[in-house]
Amino acid sequence: MSDSQETSASSPDGQAVYELVAAVLSEIAPSVSLDDCEKVDEGQMNTTFLYPGGVLKIAKEGYQGLTLNVTRAALRGEAVRVRLLTSGLDNTDIQLPVETPRVIAADPEGAWLALKAYGGHVYSRQEIRRFSAEELKELGRTVGTFTLGTSQAVDIRTLRQQIGDEQGVIDKPAQFREVLGKLSMFEAMGYANLVELLRSYVDEYDFAHDFLRQERGLSLIFTHRDLHQGNMSFIGPDGQRKLKEIFDWALAGAGTAAHNFRYLALLSPVALRAALDYWREKTDEDISEELVIACAGLHFAISCARSIDITVTGQTINPIAAGNVELLHPQYTWGSELSRVVPARP
Ligand SMILES: Nc1ncnc2c1ncn2[C@@H]1O[C@H](COP(=O)(O)OP(=O)(O)OP(=O)(O)O)[C@@H](O)[C@H]1O
Ligand SMILES: [Mg+2]
């Protein structure tokens with residue numbers, strides 16, 4: 001790509017991350033100093049810095065068993081996905097209602113990735129729930145339009161050729177079977193709620209198939225796959241807030257529209273309805289709210305179960321995933337269970 005350049009750099013750890021940021025900036029934005037650069041996020045996989053004109057994501061050693069190799073591979077994958085997406089969007093027939101970042105520069109080893117920044121404000125889930133009905137409707141419709149546009153911009157077969165077979169369809173039934181194999185372990189650990197929830201899914205789904213695609217007949221398209229409110233920024237005054245940008249393409253790949261809409265189920269039924277109405281209007285697919293909620297529930301149950309991490313330091317469950325399960329299935333409460341079962345990390 002003509003607007004990007006590639007430079008390699010050493011692995012970051014601890015304070016060395018600031019040295020890496022300074023070294024990268026001196027190459028890609030020589031007029032910017034470290035003082036103009038603000039750390040905006042310390043996530044599981046990356047540390048993110050905002051500098052005038054761009055966002056710099058630095059791969060880090062993750063805390064849930066993610067090695068630097070894994071987080072670097074994720075950043076390399078994100079660079080490929082963003083490039084594919086933006087080159088698809090150069091087709092003037094495809095109009096997206098929101099901006100997506102462009103790659104400024106990427107380290108071929110995946111140590112860092114610099115993307116253009118667009119500004120806008122990131123809201124919490126609670127704040128978005130307090131948006132007006134009009135704003136929520138607009139949000140849902142925009143996510144619908146966005147899903148259609150991105151699915152037209154990227155052909156999933158091309159994506160697979162570019163990033164390899166292991167990045168194919170996420171096989172939820174296989175993930176689910178893996179989790180089911182651990183039921184007795186979860187039971188012994190005292191996660192009665194989790195075991196009950198997973199058993200209820202066994203009854204509900206024939207998990208020998210990709211139930212979304214084959215049983216429900218939804219088409220397989222390029223989807224963002226991590227479309228929660230933390231990866232969206234908004235602009236506009238209160239009462240007229242509009243989705244401005246969708247970023248964080250590290251997980252994008254083959255999925256269904258229901259997959260893209262599942263986080264709306266945690267935000268607002270009004271937003272979800274608007275997205276589904278848009279989708280039905282523009283495609284042949286009539287997706288029910290129940291399907292999206294079931295899809296979201298299964299996803300979060302798997303992520304919750306998979307994040308139980310047995311190490312010498314203790315057993316942890318991902319509190320975000322647990323909170324998501326609780327929101328979709330209020331009958332399952334986790335709070336007291338967690339504090340009883342999970343010892344604090346040293
Ligand atoms: N283009 C952007 N403009 C403004 N802020 C951004 C932009 N991109 C990222 N950010 C900020 O940085 C944060 C982390 O970025 P991003 O979501 O891309 O990383 P991440 O992969 O979620 O990291 P992790 O998974 O490790 O938490 C965002 O939540 C947002 O606050
Ligand atoms: Mg993110």
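Thr48 stands opposite Lys57 in strand S4. This is a predicted model, where local features need pLDDT of at least 70, side-chain atom pairs count only at pLDDT 80 or more, and totals for chains, interfaces and linings use all residues. Residues are numbered from 1 along each chain as its sequence is written, and chains are lettered from A and ligands numbered from 1 in the order in which they are written.

Back to the strands. S3 and S4 (residues 54–59) pair antiparallel over 6 bridges. Pairing needs at least two DSSP bridges. Strands (E, at least two residues) and helices (H or I, at least four) are DSSP runs, numbered from the N terminus. The S3–S4 hairpin has 2 residues between its strands. Gly53, in that turn, has a positive phi of about 95°.

On to S2, residues 38–42. S2 runs antiparallel to S3 (residues 46–51), joined by 4 bridges. Glu42 stands opposite Thr47.

Now helices. H2 (residues 68–89) and H5 (residues 156–163) pack at about 145°, axes 11 Å apart. Axes are lines fitted to C-alpha atoms over the stretch in contact, and angles run from 0 to 180 degrees between N-to-C directions. Who makes the contact? Gly77, Val80 and Leu84 of H2, with Thr158, Leu159, Gln162 and Ile163 of H5. Contact means C-beta atoms, placed from the backbone, within 7 Å.

Last, H14, residues 319–328. Its buried residues (20 or more other C-beta atoms within 10 Å of their own) are Ala321, Ala322, Asn324 and Val325. They cover an arc of only 160° around the axis, so they lie on the same side of H14. That arc is taken from the directions from helix axis to C-beta atoms.

Conventions:
Buried ≥ 20, exposed ≤ 12 C-beta atoms within 10 Å, placed from the backbone. Contact = placed C-beta atoms within 7 Å.
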